[in-house]
Amino acid sequence: MIIKNANESLKNILVDGIIVGIFEDDHSLPEALQETDQNLGEAIQELVRNQEFTGKEKETMVVHTFGKISAKKIILVGFGKKEKFQEESIRAATAIGLKLAKKLKCKSVGINFIDQVEGLCPKKATSALCEGGLLGLYEFNKYKSSDKAQVTVTDLLILNKSIENKTLVEEGIDLGKNLAMSTMLARDLVNEPGNVLTPKEMASRAIDIGKQHGIQVEVLEEEDMRKLGMGCFLGVAQGSEEPPKLVVMKYEGGKKDDEYTAFVGKGITFDSGGISLKPGAGMDEMKTDMGGSAAVLGAMDAIGRLKPKTNIIGILGLCENMPSGRAMKPGDIITSMTGKTVEILNTDAEGRLVLADCVSYAKKLGATKIVDLATLTGACVVALGAITTALITNNKIWVEKLKQSADEAGEKVWQLPADSEYGELIKSDIADIKNIGGRDAGTITAGLFIGEFIGETPWVHMDIAGTARATKEKGYTHKGGTGVGVRTLYYLAKSLEK
Ligand code: BES
Ligand code: ZN
Ligand code: ZN
């Protein structure tokens, strides 16, 4: 989709459809629309006055223009209450409007939001508009034989009368487009089936992304991991025929002697549970258990595109968790890269094992701050559902920075307690720690398990088990991968610029 800033009036603009937002509690038509509405015999005013269109969030209505202006259709979209209107509302409203435009077979669309959103930064508002539009029209139909050649919106004109805002709007278009592309990259990865997206395939995609943006990529093979003593990672991988891969992406946007921040992702390309096999129903969903790695790769892509002036190391811990004659068994004791021993009580608690060695490696590479992302626990889905990502941290300042970045991205996060009492739950009778802490506080004990390998380095763990994947369409998200984490990590990287 081509997106442009258009300094034209609604009346003359040559597009198939125009999307206009209307507030629930302020029915005055945007200035740019007033003249157009006069040409339409005040049809829109009338609809609003008669409460046929109320402006509630998610409400839509199509007004046909019968040749009175050049656009054939006007699509009204409800903006909801003015005081609640934020960038996130723009994302949703644009997605809803554009999905309807697509259904109406409009190829070119004009959108008139920017003049209306007083109080919001034009750059951020425009970025949100582009994110919402592109992500709203996202589809994953690679494996459908038909359905591919549907009419979709190819041109989006952002109607912006103000010359002063021109540069900000153009910067917003660039930012939003790039963030959406990287988010879609992560969605695609999550949506890929496990037989296609093996650890090897995902590593090869990481190499491609690296090449596109000049990011160094190194792939550690099983042998390298053995030499490093990564007994936890290899313990998980050993049940599978697919060799594990540990991908390291190094982006140097800052100075060489500046700090390095690591983003570490759980990348289980299929989680069967291993010998502690999961029940059959819903097991297919476990092809999405690489959502953490997808978010890290998406973020590295965004960073490669937008080039913040800071140093970031992206780490993807990739393997399958499978049962076999060689698989790890409950009762086994394995040794991590740090030398800490782990008693395995459930082979389905595998993500924390992979991450234990990955965060240790991030520290070995010199990372002085760490964020890990993982579809780690079912308990997190129970606690926060598909709406909010859980956070565990060892550092107040670092978690605040992350919360702020998530807020900028419009992604919801919620910090859980991580007091040392919870750590007691993963003490083992026979080894240093055990890989499950029992039914209580499952998301916290899983996070604290990773924390055991972090030490004092400022660290935030993001449990995206509920948020990485959606079960239904809503606003700008679709059923399947959401790409959660990509934009939060980008904004975090951006906030680290000196
Ligand atoms: N990948 C799962 C967690 C998960 C569950 C992600 C639902 C997305 C949706 C993880 O590896 C797992 O199986 N965790 C176990 C841990 C338990 C054995 C302590 C869980 O949550 O049941
Ligand atoms: Zn598991
Ligand atoms: Zn898992």
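**Helix packing and domain arrangement**

Modeller: The axes of helix α12 (residues 396-409) and helix α15 (residues 486-495) lie 8 Å apart, and the two helices pack at an angle of about 120 degrees. This is a predicted model, in which local features need pLDDT of at least 70 and side-chain atom pairs count only at pLDDT 80 or more, while totals for chains, interfaces and linings use all residues. Residues are numbered from 1 along each chain as its sequence is written, chains are lettered from A and ligands numbered from 1 in the order in which they are written, and side-chain values use heavy atoms, with hydrogens and water left out.

Axes here are lines fitted to C-alpha atoms, for helices over the stretch in contact, and angles between N-to-C directions run from 0 to 180 degrees. Helices (H or I, at least four residues) and strands (E, at least two) are DSSP runs, numbered from the N terminus. α12 and α15 are therefore oblique to each other (under 35 degrees is roughly parallel, over 145 roughly antiparallel, 65 to 115 roughly perpendicular, and the rest oblique). Their crossing is right-handed, that is, the near helix is turned clockwise from the far one by less than a right angle. W398, K401, L402, S405, A406, E408 and A409 of α12 make the contact with R487, T488, Y491, L492 and S495 of α15, contact meaning heavy atoms within 4.5 Å. These residues comprise six nonpolar, three polar and three charged (Ala, Val, Leu, Ile, Met, Phe, Trp, Tyr, Cys and Pro are nonpolar, Asp, Glu, Lys and Arg charged, and the others, Gly among them, polar).

Helix α3 (residues 87-103) packs on α4 at about 40 degrees, with axes 7 Å apart; α3 and α4 are therefore oblique. The crossing of α3 and α4 is right-handed. In α3, E87, I90, R91, T94, A95, L98 and K99 meet K124, A125, A128, L129, E131, G132, G133 and G136 of α4.

Helix α4 (residues 122-136) also crosses helix α5 (residues 166-191), at roughly 35 degrees, their axes coming within 7 Å. This crossing is right-handed, and its contact residues divide into 11 nonpolar, five polar and five charged.

As for the domains, an automatic or database assignment divides the chain into domain 1 (2-143 + 150-180) and domain 2 (192-495). Their centres, taken over C-alpha atoms, are 38 Å apart.
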